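Hi,

Here's the structure I promised to pass along.

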Amino acid sequence: MTEPPTGTHTQGGAGAPPADPAPGSPGAVASGAARRVAHAAPLAISPGRWALAFVKVLLRMTWIETKLLVREPVTLVFSFAFPVLVLVLLGGIFGGQHMDSGPYAGLKMMDWYVPSYIGLVIASIGTVSLPVHLSTYRERGVLRRFRASGVSEWALLGSQFLVGLGTCLIGGLVISVLGIFAYGVAPPDAIGGVVLSFVVAVFAFSALGVLIASLAPTARAAQGVGLLIWFIMMFISGTSAPLDLLPDWMLALGKSLPLYHVVITLVDPWNGYGFDLVQVTIVGGIGLATTLMAAGLFRWE
Amino acid sequence: MPPHSDLRDLDGREAVITASHVRKEYGAFTAVRDATFAVARGEIFGLLGPNGAGKTTTVECLQGLREASGGTISVLGLDPVRQSRELRRRVGSQLQEAALPDHIRVWEALELFASLIPGGRDWREIMAEWGLAEKSKTSFNALSGGQRQRLFVALAVVNGPEVVFLDEMTTGLDPAARRIAWDLIREIRERGSTVVLVTHFMEEAERLCDRIAVMDQGRVVALDSPRGLIASYAAGLRVVFDTQADIGFLSGVRFVEAVHREGPRVTVEGHGAVLASVAAALVGHGIEPPDLHLEAPTLEDVFLSLTGHVMAE
């Protein structure tokens, strides 16, 4: 069987049978195939146009996912409700108090908690909402459907990141407004630094969310694992007990998890401690490494 | 299968798909052992077999959704795995166990899927063609089974595909909805696409397909038109009637091969004009059974004779 080099592939196992020159046999089929390849060639598009097409698909996916989220607002509300509720409780306990030890000694407790709770919202979207959403899509065959119609992995995951960014932005604004107006927290000292840290944090946690979705066999498992990770991080990353109250080993564990670094990158520029390039790089690095792992492990079904 | 026949022979017609000795293994489990066939442009090609025969895995390999462990595949002259992006532009598919997000609306799904493959027809026209215009603003989870089916077909053809893959499209539908789905499938072909239909319904394959590849335990065991399969693998005709009379004379009648009797029920096996000659002999002996009829063999008999087992649904 004489087939053209393009358009066919041979791997291991049984190969094609020997050449069969009879007319109307596979030889004729192969030449038909070769003609079609030639015909299809002009359809190939340049990298520039491909990138444009990708961005269009990405934005359309993002727009549809946004509409879907708004139509089912329960997810959205739960992502914010818990951090906001706990912030109110913490405000009741620590409002007016100051940190009395550690590198942030003298800082008002609520000046610490408000920016760090923006980090907690980002963590909740990334470790719970996003993986549950993606693995539910996978379980129901939505990802199968998307893939067969040519939705690229990067358009799908990119849209999840952008929707997450929007959701976290709303959550962050709710917490900021609450902090500034209800607890007298000063507005951010370096708003640019806060925004950059915020975007990098959403990137890192979105990647973590995709990784959890890729590893979890079912949506229920994704929810369980995600909630567990989120709760552990919440208790030892400075978003509940003040860090200087933690025993050393707990602090060390906290520092090995992404939320701790996210909290530092948000608290510092907010309160005039400056933009912490090292910490932001750590968060970005976690994001990149997780993206690579998640991309390798991502499953459509 | 006669040893000299090549399952990829299309008598000079253009092949849109050629699969040669395709294998697919998952660890120690072999889902597809040897799938060899060619699909001609413009036909409705059936992959028929029981659950677990390897049909779905085969079409998933054809679509580049899975990579074959061995053998060669060419779809529209393309390698489905390495040239998947190009392939997506030119094929459409309706998948088994696939869904859309609950709250996506009909028009949103069509617009999204149309935008994935630029240069196609206006999705509004396709929405109207498949009778979905009135449901344009309805959410996916509010559609009836039949409406979902039409939406999936519309999504499969929204890019004006040359080949459309339909995997178990009518499974789970009631008989009336199944007939409507059959009309949809014929319509896809009439609008110019080649159709590859995966099914385990004998009747569906027999009614719709121009040619059928019968699969069993990971192999294509026969490939022909429904009539050709029946002629090759289940040539026998059966004349059936009820009578209490002695019918010993029938074994000497022309075209008759065997006579079986079970109570009043008589089954005469034969070939050719067996019905006419049996009828004439019966009338000649004064027997006029009102229920005398011919049972032509079906794909069910073909499957039984090919595999030695019935195709349980």
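Starting with chain B: of its 313 residues, 46% count as buried. Keep in mind that this is a predicted model. The C-alpha atoms of chain B fill a box of roughly 75 × 45 × 40 Å along the principal axes, and the chain has 10 helices and 13 strands. If you take contacts in chain B between residues at least 6 apart in sequence, 67% of them join residues at least 24 apart.

The chain splits into domain 1 (15-231) and domain 2 (236-296). Their C-alpha centres are 44 Å apart.

Then there's helix H10 of chain B, residues 299-307, where Leu299(B), Asp301(B), Val302(B) and Phe303(B) are buried. Among the elements covering those residues are helix H7 (202-208), strand E8 (211-216) and helix H8 (226-233) of chain B. After H10(B) comes Gly308(B), with a positive phi near 75°.

The crossing of H4(A) past H10(A) is right-handed.

On the H4(A) side the contact uses Trp112(A), Pro115(A), Ser116(A), Ile118(A), Gly119(A), Ile122(A) and Ala123(A), and H10(A) brings Leu259(A), Val262(A), Val263(A), Leu266(A), Val267(A) and Trp270(A). By type, that contact has 11 nonpolar residues, two polar and no charged.

Cheers

Key:
Residues numbered from 1 in each chain as written. Chains lettered and ligands numbered in written order. Predicted model: local features only at pLDDT ≥ 70, side-chain atom pairs only at ≥ 80, totals over all residues. Domains from an automatic or database assignment. Buried ≥ 20, exposed ≤ 12 C-beta atoms within 10 Å, placed from the backbone. Helix = DSSP H or I, 4+ residues; strand = E, 2+ residues; numbered from the N terminus. Contact = placed C-beta atoms within 7 Å. Left-handed = near helix turned anticlockwise from the far one by under 90°. Nonpolar A, V, L, I, M, F, W, Y, C, P; charged D, E, K, R; others polar.
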